[in-house]
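Work through the exercises below with the model open. Each task is followed by a solution in steps.

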Amino acid sequence: MSVAPVDLPVSKKEDAYQEGWRGTKISRVKKSLTSPWATAAAIVIAVVWTIPTFGLLVNSFRPADDIRSSGWWTIFTNPSFSLENYEEVLFSSGASSANLGSYFVNSFMIAIPGAIFPIVLGAMAAYALAWIPFKGAGWIFITIFALQIVPLQMALIPLLQIFNQVLGISGTFPAVWIAHTIFGLPLMVFLLHNFISQIPHDVLEAARVDGANHTQIFFRIILPLSVPALASVAIFQFLWVWNDLLVALVFSGGTADVAPLTQRLAEMVGNFGRNANLLPAGAFISIIVPLIVFFALQRYFVRGLLAGSTKG
Amino acid sequence: MRGDDFWGSFGEKLGVLAIGLAAFAAVVGLVLFLADRAPKKGRDVIQLIAFLAPAVILLAVGLVYPAIRTTLLSFTNRRGEWVGLDNFFWIFTQPNTLVVLGNTVLWVILVPTVSTLVGLAYAIFIDKSKGEKTLKSLVFLPMAISFVGAGVIWRFVYEYRAEGFEQIGILNQVVVWLGGEPQQWLINSPMNTIFLIIVMIWIQTGFAMVLLSAAIKAVPTERIEAAKLDGANAWQQFTNVTVPEIRPTVVVVVTTITIATLKVFDIVRAMTGGNFGTSVIANEMYTQAFNRGEFGQGSALAVILFILVLPIVIYNIRVMRKQREVR
């Protein structure tokens, strides 16, 4: 590319002109050909991706007997709706009732600190690794990054023993919070580091010259500038904690006092046949919060992702 | 009475939440405040420690130490006696565990590739089109749903009723409409593994699509204009301008999905329990360690997971190093 002879630009220009003219023509023709296909493909993907969830939503509003005996699509020819599944799942009392209300509160109890703690600690570590020069910063960052691959299963038993024997907190909310903080940290550090290390050098240099120390820089420059990235990782971490099953299974103790919705729902799936009429409503109660979070913060979320996970 | 119970425990839980958040803020605030007040000489070092220590300590205690312990356990049998590489020989000689290894390879090849390709194609197809936001939401939506929720959703999609009965699973209904016989999608091996993989692809594609779409929009328009002027057609613009520009994002996407795929066992657990030849390493590890008490064999499976994922991590570290050098 860089070894072009001196006389080449002229002919190249001509070439470019001709090719450009032909090119736009081709691309215009191509565009008018591919666009409808692309749109059609996009619509097919969107429909295929939506139908499973849509079917479950429809089923959750159908009478219990209908759910067991016919497909949800029959609702179009034979419409019949009822709220009895939701009533039963949420409000019915009795030994075998789903009692999802209490588990719903638990999910919030777990997900709010479970999102905040790792983000704060992750942002601090990401800042230190990106902007406080010291020997071994690269290795610590790489180690933390690599820790993402430690399967949770590897860590469960030793950590449970620590919670049991050293801290005495297993089966409580703080145990679940700490576990989620630990398991969330590697990804939080990785994503926030991507963003924080891209903040222009001049901005921090100017603050340093003005005599700001690291704590001041962190709170006055890094955090405000990182709001989009923080928001996006906050959404992700919240969703992951809300949707988690494994950590909850091991650390929550499984009671209605601490265990989240997913755990109760998983128990209900275990008796799929018997619960077939309750599962659609139960599943929808468990996914309604993530959906609200997602739809309410979507724009913010995409903007944050752009800043946090790509190089820009 | 029940209502009172609910509100009583609700208030109690709110109290716990407030205390937890306040305690966390107090600890972090105090650590940073003290570091700020450190003697000038060496303040930088103390601040560095204050920023880094909480994360490093938590990770050391909660992940590094357990990982090392698990590695040591992989060389012992269920009574804790040292058996060398026996557990690894066991894994690579049993027909059962060989199926598990094969399934895992299939998952790790299919999920990141298909999710990324479909996500990328979709992001391009809907780029700047009418209703882009809505179309994006539809495909991203599964990402917000828990694996358990997804398991419920797809159990209904795959639900089987014998031929002649009215189907309640959409997939079998489609097969019947097309004149076929209803299938036991989750029981007939080896295709049942593919049907589980589809659930994971369904979840992960939205993640890939959102990140890649953002990256595509970040490609400077001047470069595309320049390529257009140089006579590049749509496909050439894509391969010569867009792909190089979004490559770092593709690496992030593939890595994240690969790691998520390796760690996931919820889908397998929720849909087949690992039966009918659908188990994967993460699930088999749980089964061996927690259901059968074979901690040595479970740990050995965990170690193999590490070894499998090592090349991905090394590649990413290289890419990261290069980016740092550029900066």
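**Exercise 1: Fold and dimensions of chain B**

Chain B holds 13 helices and zero strands, where helices (H or I, at least four residues) and strands (E, at least two) are DSSP runs numbered from the N terminus. This is a predicted model, in which local features need pLDDT of at least 70, side-chain atom pairs count only at pLDDT 80 or more, and totals for chains, interfaces and linings use all residues. Residues are numbered from 1 along each chain as its sequence is written, chains are lettered from A and ligands numbered from 1 in the order in which they are written, and side-chain values use heavy atoms, with hydrogens and water left out.

Task: Describe the order of elements in chain B, its radius of gyration and its share of buried residues.

Solution. 
1. Along the sequence the pattern reads α-α-α-α-α-α-α-α-α-α-α-α-α.
2. Along the principal axes, the C-alpha atoms of chain B fill a box of roughly 80 × 70 × 60 Å.
3. Of the 327 residues in chain B, 50% are buried. Buried means under 20% relative accessible area, exposed over 50%, and partly exposed in between (1.4 Å probe, protein chains only).

**Exercise 2: Salt bridges**

Task: Find which residues are linked with Lys217(B) in a network of salt bridges.

Solution. 
1. Apply the criterion: a side-chain nitrogen of Lys or Arg within 4 Å of a carboxyl oxygen of Asp or Glu. By this rule there are 10 salt bridges over all chains.
2. Asp127(B) pairs with Lys217(B) at 2.4 Å, N to O. Asp127(B) sits in the loop between helix H4 (95–126) and helix H5 (132–140) of chain B, while Lys217(B) is in helix H8 (residues 191–218), 90 residues apart.
3. Glu132(B) also forms a salt bridge with Lys217(B), with the closest N and O atoms 2.9 Å apart. Glu132(B) is in helix H5 and Lys217(B) in helix H8, so this pair ties together parts 85 residues apart in sequence.
4. The network consists of Asp127(B), Lys128(B), Glu132(B), Lys136(B) and Lys217(B).

Task: Are Asp36(B) and Arg37(B) buried or exposed?

Solution. 
1. Their side chains meet in a salt bridge of 3.7 Å, N to O.
2. Asp36(B) is buried, with a relative accessible area of 15%.
3. Arg37(B) is exposed, at 53%.

**Exercise 3: Surface patches**

Task: Identify the residues of the negative patch and of the nonpolar patch.

Solution. 
1. Patch members have over 30% relative accessible area and no salt bridge; like charges are joined within 9 Å, and nonpolar side chains (Val, Leu, Ile, Met, Phe, Trp, Tyr) within 5 Å. Accessible areas come from the Shrake-Rupley method with a 1.4 Å probe, and for residues only the protein chains shown count as cover.
2. For charge, Lys and Arg count as positive and Asp and Glu as negative, without His and the chain ends. The place of a charge is NZ of Lys, CZ of Arg, CG of Asp or CD of Glu.
3. The negative patch gathers Asp65(A), Glu84(A), Glu87(A) and Glu88(A). Helix H3 (residues 84–91) of chain A gives the largest share, three residues.
4. Glu84(A), placed in that helix, is partly exposed at 40% relative accessible area.
5. The nonpolar patch, about 420 Å², is made by Val64(B), Ile68(B), Leu72(B) and Trp82(B).
6. Val64(B) lies in helix H2 (residues 43–73) of chain B and is partly exposed at 32%.

**Exercise 4: Backbone details**

Task: Locate the cis peptide bond and the positive phi.

Solution. 
1. Most residues other than glycine have a negative phi, and most peptide bonds are trans.
2. The cis bond joins Ser189(B) and Pro190(B), with omega about 0°. Pro190(B) is in the loop between helix H7 (170–177) and H8 of chain B.
3. Phe276(B), a residue other than glycine, has a positive phi near 60°. Phe276(B) is in the loop between helix H11 (266–271) and helix H12 (281–291) of chain B, and is partly exposed at 41%.

Methods. The radius of gyration is taken over C-alpha atoms; the globule rule is 2.2 Å times the number of residues to the power 0.38.
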